[in-house]
Amino acid sequence: RKVEEENEKKYARKDIPGPLQGSGQDMVSILQLVQNLMHGEEEEETSQSYRLQNVGEQGHMALLGHSLAAYISVLDRERLRKLTTRILSDTTLWLCRLFRYENGSAYYHEDDREGLLKICRLVIHTRYEDYTLEGFNVLYTKQPVIYISSAARTGLGQALCNQLGLPLSCMCRVPCNTMFGSQHQMDVALLDRLIKDDVESGKLPLLLVANAGTPGAGHTDKLGRLKELCEQHKMWLHVEGVNLATLALGYVSSSVLAATKCDSMTLTLGSWLGLPAVPAVTLYRHEDPSLSLAAGLTSSQPVEKLRALPLWLSLQYLGHDGIVERIKHASQLSQRLLENLKNLDFIKTSVEDELSSPVVVFKFFQEYSNKDQTSHAAQASTIQHPIISNEGHIYDTFNQWLGEQLAQLVPASGVDVVELEDEGTCVRFSPLMTSAVLGTEIQDIDHLVDCLKMKIPVLTSTLQLREEFEQEVRRTVSLLYIEDLGWPGLGVVRYNYHSDEKNDDKQEKELEKINTELLKKLNELESDLTFSLGPEFGGQKNCVYIGMVTEDLDVSELVETIAATGREIEENSRLLENMTEVVRKGIQEAQLQLQKANEERLLEEGLLRQIPVVGSVLNWFSPFQASPKGRTFNLTAGSLESTESMYVSKAQGTGSTPPPTPTSSLAKQRLPGQKAFKRSLRSSDGFSETSSISHCDDLDKLDQRPPNLSPGQEQGPLEMERAEEQKEVVQAKTDTEDSHSDQSPPDCTKAEEQASPR
């Protein structure tokens, strides 16, 4: 028995995790561990600065509520019951009065979808009387149907079916308007037809989920007509959305005010008021408390009622004026941004009501004039032009980049990128969801507009030069244009490496080597462009990605520089490969020649001199004189030469001059301080000075130009050096011809040999 107890102790000690071993840790060590997990390692590993939530005094009240709830839960049962009842009744009454929802009950939950889930169970218990006894068997006779908008939150219908245990066929997605009204509102006429079709097929319409502020664009459904339709078919109407926050204001639009007549609504007060860790609230109206208890909307446990304690404390701290002030401030921020966006070109806004829209959605879009729009439509109808057919994808990519840049430059604004079904990728500003948390002010909106004004010229210039860049690359033989619609920039190019090598792996490695070196060379240039390998995931391999550009970019110079740099890298690589092959062959040839020389030496010396003792005696009586014969390899000429001349002259020959390393001839003249790939704009004074040059000077310069240089082409340093060399050669030949009559033919040949190295 003692042996078994010892084995159990050993096993238990070995199985216990490290932090739990021993007699426990002190409070300071545990708090230090929590602090390190929250801040320490993340700040060292990640260089991006992250912004914590702005926790004010109202936030501390909400956090204090969680601690008080733990202390209150240890009270005696009767005192706990009275306290929790008071907290729950007060909070429910205050919320119903604030948001104009009379005679309502409240359910507090952590997950904002949990309230809708409990409402669905309540409606099932209400419409199916035998559901409590028979369960899901009663659903076979009449299958329930839940209707949600196609603009609702992603995955909402699937989550409800999974939690309720219903098949996906019980979920019906209602399309939005396509002809009249907002494109983000539910189509009421189509919904009516869908409900009638389901009734005729033996199904039971159960519940409709409407939006007072869609998650994407913030539009509100026609709640008045939807309520009439639900009453006609005895359906439950549930409303959710960010626009429900405006019910607390003095002026409320009629479209949102109709939400007060619905059967239930979900409020997310934490993001609206900037309160951390407070629950969401679902307000509902129902007469049978037993069904509410069966659906889980109410609980008999006093501890469950303590969820309302953080809200109970925070609402008292803020008061009515504080709550209204925060919601009104968010509406003012959206109006300030909307007014500034109206004055900007190439910015298209999508708001429901310009006077009171708490959500602003905008995108970059380059509109056309009447003449351009006609030709643009004609090109789009043919679906043959690649730029026109892919225009929507390009705009989505550019707006994705714009939203990310604005969020990075002005993090306090809280802008994000959203995907809409009709508009595509847009930038969204929803201050009701972010301003209270981030502490957004009017100055942040002005800064956001200034940053947007800086980015618009970059977007327009890049969009205009994108087609020109593609045409220039396609005209260049050594470059290959890669079409990547997901890249926000000028374009993607690859240096096309041609090789006779049949090994694909070796050719792929050589292509990667050349393009990597090309990217390195381009980044070393003094320019405002950004060259990279592209996105981390989903990008093309062995390519050079060029980022956003400005209007003064010289596209032709950029393409020529890329092509010339690529050719230079390829020539250097081939020169190294050829030199390696020549050296290898030279070594093999030298070994063969040395072997032949040894065989010839054996024949000259004779067989007797090879015998160890006899050879020494014979060499002493009759020494054999043999000149050393070696081999030297000339890297310049790539030939194998003898070393006899080296032993005669006692010096090593220098050989001919090696060929120069191939370099790019596109050294464009730039003004002082001017960066690469910029168009040089000459002033009017400079033009007048150049125009005052006389005609004789032009003729002299024309005579000094090399024969192979066109009149409009500038003469670079390399061309000037070649012209000087040609003049010296011609002068040497002229001197030779003048002295030809006085000298003999051998002397003439000697004169030509002296002039040839020049």
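Colleague: Which strands do three bridges join here?
Modeller: In this predicted model, strand 9 (residues 360-364) and strand 11 (residues 424-429) are joined by three bridges, and the two run antiparallel.

Colleague: Nice. What stands opposite Phe-362?
Modeller: That would be Val-427, which is in strand 11.

Colleague: And what is the strand order in the sheet?
Modeller: The order is 8-9-11-10. The sheet is open, has four strands and pairs them in antiparallel fashion.

Colleague: Which strands stand at the edges?
Modeller: Strand 8 (347-349) and strand 10 (416-420) do. Each has a single partner strand, so one side of each has no neighbour in the sheet.

Colleague: By how much are neighbouring strands turned against each other?
Modeller: On average by 40°, with direction ignored.

Colleague: Which helix packs on this sheet?
Modeller: Helix 14 (residues 309-342) does, and it touches strand 8, strand 9 and strand 11. The direction of helix 14 makes about 30° with that of strand 9.

Colleague: Moving on to helix 18. Why is it described as largely enclosed?
Modeller: Helix 18 covers residues 431-438, and seven of its eight residues are buried, so the rest of the structure largely encloses it. Buried here means under 20% relative accessible area.

Colleague: Which residues of helix 18 are the buried ones?
Modeller: They are Pro-431, Leu-432, Thr-434, Ser-435, Ala-436, Val-437 and Leu-438.

Colleague: What do those buried residues pack against?
Modeller: Their partners are helix 11 (269-273), helix 14 and strand 11.

Colleague: What comes just after helix 18?
Modeller: Gly-439, with a positive phi of about 70°.

Colleague: Now the surface. Which residues form a nonpolar patch there?
Modeller: Ile-611, Val-613, Val-614 and Val-617 form one, and together they have about 320 Å² of accessible area.

Colleague: Where is Val-613 found, and is it buried or exposed?
Modeller: Val-613 is in helix 22 (residues 612-621). Its relative accessibility is 62%, so Val-613 counts as exposed; the cut-off for exposed is over 50%.

Colleague: Let's zoom out. How many helices and strands does the protein chain have?
Modeller: There are 27 helices and 17 strands. Of the 758 residues in the chain, 40% are buried.

Colleague: One more, on contacts with a separation of 6 or more: what share comes from residues 24 or more positions apart?
Modeller: Those residues account for 68% of such contacts in the protein chain.

Methods
Residues numbered from 1 in each chain as written. Predicted model: local features only at pLDDT ≥ 70, side-chain atom pairs only at ≥ 80, totals over all residues. Heavy atoms only, no water. Patch = residues over 30% accessible without salt bridge, like charges linked within 9 Å, V, L, I, M, F, W, Y side chains within 5 Å. Areas by Shrake-Rupley, 256 points an atom, 1.4 Å probe, with all protein chains shown as cover. Salt bridge = Lys/Arg side-chain N within 4 Å of Asp/Glu carboxyl O. Buried < 20%, exposed > 50% of the residue type's maximum accessible area, 1.4 Å probe, protein only. Pairing = 2+ DSSP bridges. Axes fitted to C-alpha atoms, helices over the stretch in contact; angles between N-to-C directions. Contact = heavy atoms within 4.5 Å.
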